[in-house]
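Subject: Structure handover

Hello,

Here is the structure for you to look over. My notes follow below it.

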Amino acid sequence: MNATHQARPARLTVGVVGAGRVGPALARALQLAGHRPVAVSGVSDASRRRAAEMLPEVPLVPPAQVLELADLVLLTVPDDALPPLVQGLADTGAIRPGQLLVHTSGRYGTAVLDPARRAGALPLALHPAMTFTGTAVDVDRLAGCSFGVTAPDELRLAAEALVIEMGGEPEWIAEASRPLYHAALALGANHLVTLVAQAMELLRTAGVEHPDRMLGPLLGAALDNALRSGDAALTGPVARGDAGTVAAHVAELRRHAPATVAGYLAMARTTADRALAQGLLKPELAEDLLDVLADTQDHAAGRGPNGPGPNDPDGSGEARGGDGR
């Protein structure tokens, strides 16, 4: 196949190195587009089960044999494992000239594939901006999913065509911008999971029987508003400058979930800065709010303005009565 001049790749044999959550789903999507998965490698029992479920009748073989059998090879391994994998495949002569070598790391562009390119491979970086479950539902979720695409200019059309065949939308990312691009996605998606999980735990502690039902409409509306309006969608006590409410929040979090306090304070300060910059938070209210956040930060660290106070002799942040309770 002359991939450098084809906007639509010919029907390809497809191999997967690393049967984690991503590789089998992408191979299945390519299969639905008319390509033919022929080999997959996986080490763990979970990977092997996943490959069997998503790609039935596709043989499990060592990585070198995947490259021997496939025209298009998906390298779907963890970020830190990618450079040594590529170097090892190049050093052992496993790479064939003209072979499409695709990695799905958000962090890297195509430079990480340079050892393979020197061996004649055609390098592509196609990162789906989506979280994967490792089940068949992921294939359907690829419809409309953005892919961060990095490729040499002569392979750009082929890269974009592969993304479209998987149901995705290609978004061009410059090589030098890949780490920032990936950091942005991690900030938005990975940290969101942490925040939602913490919020559900706190609601359970507060006696809410179905926190997921309570949070679903609220978070859905907040996400929609944020995507539509950015900082203009900010709301809540921090954006309003309700310093007393924020202080009460921190006190309750310190009592019931002290591990959440640092994250709450960090997000509250960032929210206050953005709301102030947008003119949503009045400067006079911002001053009171930031004073509260500074005080609670000192309190969280076990410090008063001049260190532990007389009612907090051990710096624990807990004032005690005369009976020590």
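Is E57 buried or exposed? E57 counts as exposed, at 83% relative accessibility. Buried here means under 20% relative accessible area, exposed over 50%, and partly exposed in between, with a 1.4 Å probe and protein chains only.

Before the rest, the ground rules. This is a predicted model, so local features need pLDDT of at least 70 and side-chain atom pairs count only at pLDDT 80 or more, while totals for chains, interfaces and linings use all residues. Numbering runs from 1 along each chain as its sequence is written, and side-chain values use heavy atoms, with hydrogens and water left out.

Back to E57. The loop between α2 (45-54) and α3 (63-69) holds E57. Its phi is positive, about 75°, although E57 is not a glycine. Helices (H or I, at least four residues) and strands (E, at least two) are DSSP runs, numbered from the N terminus.

Next, the sheet. Seven strands form an open sheet with mixed pairing. The order is β2-β1-β3-β4-β5-β6-β7. Two strands pair if DSSP finds at least two bridges between them. β2 (36-41) and β7 (169-172) are the edge strands, each pairing on one side only. On average, neighbouring strands are turned by 25° against each other, direction ignored. Inside the sheet, β1 (residues 13-17) pairs with β3 (residues 72-75) in the parallel sense, over four bridges. G15 has V73 in β3 as its bridge partner.

V22 sits in the loop between β1 and α1 (23-32). V22 is partly exposed, at 22% relative accessible area. Neighbours within four places in sequence aside, V22 is in contact (heavy atoms within 4.5 Å) with T76, T104, P128 and F132. V22 and T133 are 111 residues apart in sequence, yet 8.4 Å apart in space, C-alpha to C-alpha.

Last, a helix pair. α11 (residues 243-256) and α12 (residues 261-277) pack at about 160°, with axes 9 Å apart. Axes are lines fitted to C-alpha atoms, for helices over the stretch in contact, and angles run from 0 to 180 degrees between N-to-C directions. That makes α11 roughly antiparallel to α12 (over 145 degrees). From α11, the contact uses V246, H249, V250, L253 and R254. From α12 come V261, Y264 and L265. The contact residues divide into six nonpolar, one polar and one charged. Ala, Val, Leu, Ile, Met, Phe, Trp, Tyr, Cys and Pro count as nonpolar, Asp, Glu, Lys and Arg as charged, and the others, Gly among them, as polar.

Best wishes

Methods:
Angles under 35 degrees count as roughly parallel, over 145 as roughly antiparallel, 65 to 115 as roughly perpendicular and the rest as oblique.
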